[in-house]
Structure formats: C-alpha cells, structure tokens
Amino acid sequence: MTLIERACETLTTIRDSSPLVHNMTNVVVANTTANALLALGASPAMVDAPLEAPQLASVAGALVINLGTITPAQAEAMKLACEASQQAGVPWILDPVAVGPLTYRSNLARELLAFKPAVIRGNASEIMALAGLGTGGKGVDSTDSSETALDSAKSLAKETGAAVAVSGPTDYITDGTRTVTVKNGHDMMPAVTGLGCTATALIGTALAATKDPVEAAAFGLLYLGVAGEVAAKGAAGPASLQTDIINQLYHLNTKLIRERGNMDEL
C-alpha cells in the first residue's frame, strides 16, 4: 500500500473512531486547535491542571504538548502528563515552540524528552536548537530552512527515538533512517498564527489512529497542507484562510488526498 493510500486509510480510521486527543497547548491557539480537531473528526480535550492532566493523559488516544505560552504550573502538569502517557503506552507529541533563545522552555523541552515522545514537530530553527546544533529563531518564527534542518532532525531522532518533523515549504519527517517529504500547503499559510500548532495537533490525532510515528507525522502535515491549498483558492487574506482551513478539514476526503497529496519517501 502506498503512503497516500495509508493516509486515506488513517483519515477513515479517525472519522470512524473519533479518538480522544488531549491537548496541553497555548492560549493563542487553543480555540483554533480544538475546532480543527473537531473538523477532522477527533474529540479534543484541553486539560492542563496538574491534578487532572495525568489522569486524562493515561486514557487518551494521544497527548499533544505545546510549549507556546508556558507557565510554571502548566510545565509541572506537562511533566506529570508525559510520565502518565509513557506509563500507559499512550503516544505523545512535543511541539518545542521558541526553544533555543528562551532558556526556561528550552530546559523544559529537554526534560520532557526523558518521557520518550513518539513525535517531535517544530520549525527548522526549533529543531536545530533542540538538537543542540542551532540557537533558535526569531521568537516563534524560523530563521532557517527545513532543508537546512534535516541533518539536525536525523540527529535528534536517533538521540530520542522519536520521529522528527520539520515544517516548511517542504516538510521533512525522519526517524534518523527513513525520511518522508510532504509538499502541500500555500504560501499564505505562514501569515496565519498558530498553523504550526494546528499541524502538531493533527499529527497527534493521526498518532491515535496509526502505530507508525513517521507516517502519523507525515499524514497530519498532509491533511493540513491539502486543506490549506483548497482554502487558499477562495480566501481574501489570512483571516478568512484560517476560518476556511477548518472548513476544509471538515470536508477533507480520500478523493482530495489522492488528487492533491504530494508525499514521497526519500
């Protein structure tokens, strides 16, 4: 079965099973993230209280950890949730937002790696910084290309055992040996805040529906990229694009994936 056909199969599984996806994310994107997951077919939960997060993480289909607007209380809850996920065998994904230039979150991200994420997804500068081979970007924005970060991604994957996804005009997903590319999306998408965070959450949803972390990461990026391409055709600008990406995730189907999906294994 080809990667595109497995992406179609995974989308069908998501729609049929409506997996519970536990999101510990940032205040900028929480609403958009929840709506994107609902549109794709998942059941999102946004729980980050230290007394509740580990209990939910242990029974969810997947856990999404996003460091965007981190607080000390949320950091403690994330550690507890990641530990509970690891003990329960629940896959989780780390989004190391702005790791590199900011010390507190950089240290936290490295602490969380001890709980063995299935996937790490970030922009090129974040991945290079987490791998110890760069200093990070400009705030949450990358100053490096996804191609430049591929060697760092492979190094980080071998170090952590995670599949590492680097977002960019071409997305690269690698486990250190196997590498998959996704070339879907639109050049207006970087003008919408939080679409990288949305990508991470969609990968989390795919993690709940397929056992292969490399493929889950590729499929989540593919779903967002295809939805973004279709949405951009009628968008007046970034505001309407954000809204219509959610609409297009709702309308996403296997026919569209087969027609528009641009995914290859190197």
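1. The crossing of helices α8 and α9 is right-handed, a term used when the near helix is turned clockwise from the far one by less than a right angle, anticlockwise being left-handed. In this predicted model, local features need pLDDT of at least 70, side-chain atom pairs count only at pLDDT 80 or more, and totals for chains, interfaces and linings use all residues. Residues are numbered from 1 along each chain as its sequence is written, and side-chain values use heavy atoms, with hydrogens and water left out.

2. The axes of α8 (residues 195-207) and α9 (residues 213-232) come within 8 Å and cross at roughly 130°, the axes being lines fitted to C-alpha atoms over the stretch in contact, with angles from 0 to 180 degrees between N-to-C directions. That makes α8 oblique to α9, since angles under 35 degrees count as roughly parallel, over 145 as roughly antiparallel, 65 to 115 as roughly perpendicular and the rest as oblique.

3. Ser152, in helix α7 (residues 150-160), counts as buried because its relative accessibility is 5%; buried means under 20% relative accessible area, exposed over 50% and partly exposed in between, with a 1.4 Å probe and protein chains only. Neighbours within four places in sequence aside, Ser152 is in contact (heavy atoms within 4.5 Å) with Ile127, Met128, Ala131 and Leu133.

4. Most residues other than glycine have a negative phi. Ser18, however, has a positive phi near 45° and sits in the loop between α1 (3-17) and β1 (20-24), helices (H or I, at least four residues) and strands (E, at least two) being DSSP runs numbered from the N terminus.

5. Ala98, not a glycine, has a positive phi of about 60° and, at 4% relative accessibility, counts as buried.
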